[in-house]
Amino acid sequence: MGSLLIVKDAGYRLLPFRFLRLDDVNDKNILLTAETGEYLLVPETLLNQLVRKELDVSSPIYKDLLARHFIYEPGGHNPIPEMAAQYRSRKGFLLDGPALHIFVVTLRCNHTCQYCQVSRAPQGGAGHDMSAEDARHAANRVFESPSQVLTIEFQGGEPLLAFDCIRQIVETIEAKNELEQRSIQYVITSTLHHLSDTILDFAEQHNIQFSTSLDGPAFLHNANRPTPNKNAYERTVEGIHRVRARLGHDAVSALTTLTSRSLEHPEAIIDEYVAQGFNSISLRPLSPYGFAKSSARRLDYSMSEFIVFYKKALAYLISVNSGGTFLSESYASLLLTNILTPFSSGYVDLRSPLGAGLGTLVYNYDGDVYPSDESRMLLEMGESGLKLGSVRQPLAELLRSPVIELLLTCGIAEALPGCSDCALVPYCGADPIEHFARQGDPVGHRAFSSFCEKNMGLLTHMFAMLRDGDESIQKVLMSWLSRRSLNDLPSAGYRT
Amino acid sequence: MKLLDRWKMLIGQSMALVPMIGSPMVDAGQTQLASSDWLPASGNTPPAFKNTLNAKDAVNIYAAHRSHSSHRSHSSHYSSSGGYSAPRSYSTPSSSSYTPPPTSQGSTYGSGLSAPRTAAPSNAYGTRPAAQDLSALVRRVQLALMVKKYYSGAIDGVMGNGTRGALMAFQSDSGVGINGRMDTPTLNALGIVIP
Amino acid sequence: MLRLDTQFTIKNAPQRRLFKIITPQELIEKGVATCAGNAGFEDLMLWLDDIHVTNQHSLMTLPVGGFLLAGKSLNANHFTATTLSTPKDPQVVKPGDVISVGPDSSMVRVLYRRGSNSNLLFMTDRCNSLCLMCSQPPKDIDDRWHIDENLKLIDLIDPGIEQLGISGGEPTLYKDGLLAILAHAKSVLPEKSLHILSNGRLLRDPSWIEALKHVGHKKLTWGIPLYADNAADHDHVVQAPGAFSETMAGLYNLHRAEQHIEIRVVLSKLTTIRLPELAHFIFRNLPFAKHIALMGIENTGLAKKNYKELWIDPADYQEQLSLAAWFLDIRGLTVSIYNLPLCVLDPGLRSFYRQSISDWKNLFIEACHTCAATEFCAGFFKSHSERWQSRNIHPLSREDLIHTQGARYEIA
């Protein structure tokens, strides 16, 4: 019988890798990504030679492909130990367990933000506060996580309205930590409208940081976040100054939430952050939860509109950095870390296996435990099915909940349809909860997924910048990667 | 219908869901990365790299911007070469006073090693017989007295009349107690350091 | 630079042994405590100068191991103790040094020099590689006697903070001996940091992991060369097929044994061509390296005969060097550049420069006469010659030094 030789025997064999056509701008438009996360940008002709075993083994590109784990030489060097080390390091977060613990201490709030993801309870009254008993239990859950580094984040409503609850939780955790000796960072997400000296004293004592929302200059911020006195912006800025005066310049960070009105003002938003002296900005699109979903259309915009906005904002931001002001965009920095390093990401929202439940836990004001912030917001939309259990159950039991198991089934990008073949999967993540919220299906159809659209759009944009950007752009990107000022970066170094 | 049931339908599963962490791997060739107590298996595990970037790893924390502080010089002033140039006329020692070990398994070097010293920066004094220490000390005293021109006898390590006399003369001139003994003030005055 | 051996007239040396040179003054002050470990009077060799001539007779009754008559007015006759006199170069052996003396040769070797920045424990002349630029060409002999000599040497050297090298040949060839030396150094000289030069190939044997963890020396660094990001190029430089794989396995074992690792790259025509790619490989696969040393080549040993393959004017690889060094530095790895004259280095790289050539090997040339930077420059190897000299050697002015990008000249 005739046998067709379908595999030509050459000196090298292929290792598993994926590829993607980036654009038609440049002849190096094929992105190759290895299992390790290493990448190469090559012309299409080379891809053909590579798979047809026609590569010139004396060429530099052959050595690049070998060194970056796209090919190997049978009988030659065994690359598996290095590949295993890189892969293990990238996924190292798995063995750490939940590191971000969110305490929703109250639902009370004085704002009526149109895109709010939580129900708003009136300011007075403690009906929607976390009970002392539940707080105690939740503190125990925290230490059942094996992670040596823990972040405790207080959310709400407006958490400062339940400051006594915060105080109790911090003190309980600090007491337990005398023995445990973990590295713990506390953050309060707040509008900063309800600061007091007592609160600041306490924050100083326990090294608590603040995170606030600053949507942009006054007209934008106030339009997005109405308060009875229409002065949300003024009071937040006043709060920022007050925190800084007391606790230091870097004790408060800020992020934006972008409405369709925001999309018209990329430069103004960035200028506001520069004016307020921040060193990082987070340009976050709206998520499909809470009031955003049910609000008027004027809030909402398509993901492609967001991406257009983001590219404009990023270009402007880079020019601001080149001018000498350090202001990094946090999602871009995260993507750069994923693309350029073999290290595990600290960001729970872009992980595979998913971050919800495994990397983060939410202790709700009513004593229930959820795998993520977003799943709690689904609750506000009438969906309670993602509850893991009660704060009184031990962590091991909560993580054995059928919810977790099902999330895992849909939560490993390398196993999802569409993702498993995508060249960007080493740098991306899985988010079954968002897919469920938007599409009603936790696996999600990739072609209609705004999660996919966002990440593909931004990742391909980053790759194009890394390929095409001039030395000054590279230096800004490197300054974000290494968190150094441009003064300490006389050269961007080797690229690709 | 409960959410989970809806999801299971969507995914088309009727499988029993088994905890993923801690179950023995079916494929015999694999090694588990971690057992159910979260601890990594020891042995031939792939290294897990720690982050070398200046940025902090913590979630939701926007690390304070720090200007890069330049590294202290790593003190390796070592050049690339072996550093040792064999002398031009070199012959292997004919009879070494160090016995090369027989080629046997196991380390043979343990026996020749000195015991750790009893006190830090102390030396052999802790492990030598006391009489030998005393004799060495007396010699140092005799030497010191000779250098200072108080003594011209033999440096024999014996506290005889000649040595004692010289010592007392020195003690008298130096303003320390004249007792003919090698006490601390006297040794200090002679420049002798005893740890 | 000062050599490490010189001829003496030697009397009464029945066996080869080590001596610690000590002045009467230091003998008074410290006795045998001048040595870090277990030492007796018999290990000491008393240094006698002209000032001691009046007391020479008495002094030579001291029960020390021997005498070094450094003064011209001293005579060596009528004594039965081991005596050294009339050195060919009187600067070579000085008080505090440890020397090796034997009946077979008039050459006295200095094994330890007080105050030197490059004392080392020499393990063996044998090696399992044959690098094209090897500065210490290997010999196939059984020289295990170095081990015992080093164990004794550790006892006799000065206590105090210092970096000791351990080198050869390939030190790991005598596995038990090396481990014994590490353990003994930890016990006797815990304050001294040790720096082992090894190709790491034999460390692919996993039994080293437990053994090194057991020794637990807290100040030990392994300097391991890696010359390319691929096996073919690396194996060619070290002239040993399979070396790349073995070294990579050894590096991972050292990491498992919680050892400090330094990666060294000798800069030649063969290694500079893919230097940025090597930097990328190190970052992706070996980011636990505590230090990366990029080193100018020394034209001694085998390098001379391999000139054609190896020589590249440093002026022609400054760009590769810069791309590689900044790539690593930005990602948080520590980089140093050694063994290049400062004038040849891209000024933008001065923050990585270390003045590094061992004090007994470096010198300056005619062109350096008017240079303002000799105090900070590594200079040249004593083996330096015209054809290994960059076309860019030129004296630097004070101006040049002032306008340097954040440079710190550290005496290594």
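Biologist: Is Asp142(C) buried or exposed, and what is its relative accessible area?

Modeller: This is a predicted model, and in it Asp142(C) meets the side chain of Arg144(C) in a salt bridge of 3.6 Å, N to O. Arg144(C) counts as partly exposed at 26% relative accessibility. For Asp142(C) the cut-off to apply is that exposed means over 50%, so Asp142(C) is exposed, with a relative accessible area of 54%.

Biologist: How many residues apart in sequence are the parts tied together by Arg467(A) and Asp23(A)?

Modeller: The side chains of Arg467(A) and Asp23(A) meet in a salt bridge of 2.8 Å, N to O. Arg467(A) lies in helix H17 (residues 450–468) of chain A, whereas Asp23(A) lies in the loop between strand E2 (17–21) and strand E3 (30–34) of chain A, so the parts that the pair ties together are apart in sequence by 444 residues.

Biologist: What is the geometry of the aromatic pair formed by Phe343(A) and Phe283(C)?

Modeller: The pair crosses between chains, from Phe343(A) in the loop between helix H12 (330–340) and strand E14 (360–363) of chain A to Phe283(C) in helix H9 (residues 275–285) of chain C. Phe343(A) is buried, with a relative accessible area of 3%, and Phe283(C) is buried, with a relative accessible area of 0%. The ring centres of Phe343(A) and Phe283(C) are 5.6 Å apart and the ring planes stand at 85°, so the pair is edge-to-face.

Biologist: The charged end of which residue sits over the ring of Phe327(C)?

Modeller: Phe327(C) belongs to one aromatic cluster together with Phe343(A), Tyr494(A) and Phe283(C). At 3.7 Å from the centre of the Phe327(C) ring, the charged end that sits over this ring is that of Arg331(C).

Notes
Residues numbered from 1 in each chain as written. Chains lettered and ligands numbered in written order. Predicted model: local features only at pLDDT ≥ 70, side-chain atom pairs only at ≥ 80, totals over all residues. Heavy atoms only, no water. Salt bridge = Lys/Arg side-chain N within 4 Å of Asp/Glu carboxyl O. Helix = DSSP H or I, 4+ residues; strand = E, 2+ residues; numbered from the N terminus. Buried < 20%, exposed > 50% of the residue type's maximum accessible area, 1.4 Å probe, protein only. Phe/Tyr/Trp six-rings, centres within 6.5 Å; stacked < 30°, edge-to-face > 60°. Lys NZ or Arg CZ within 6 Å of the ring centre and 35° of its normal.
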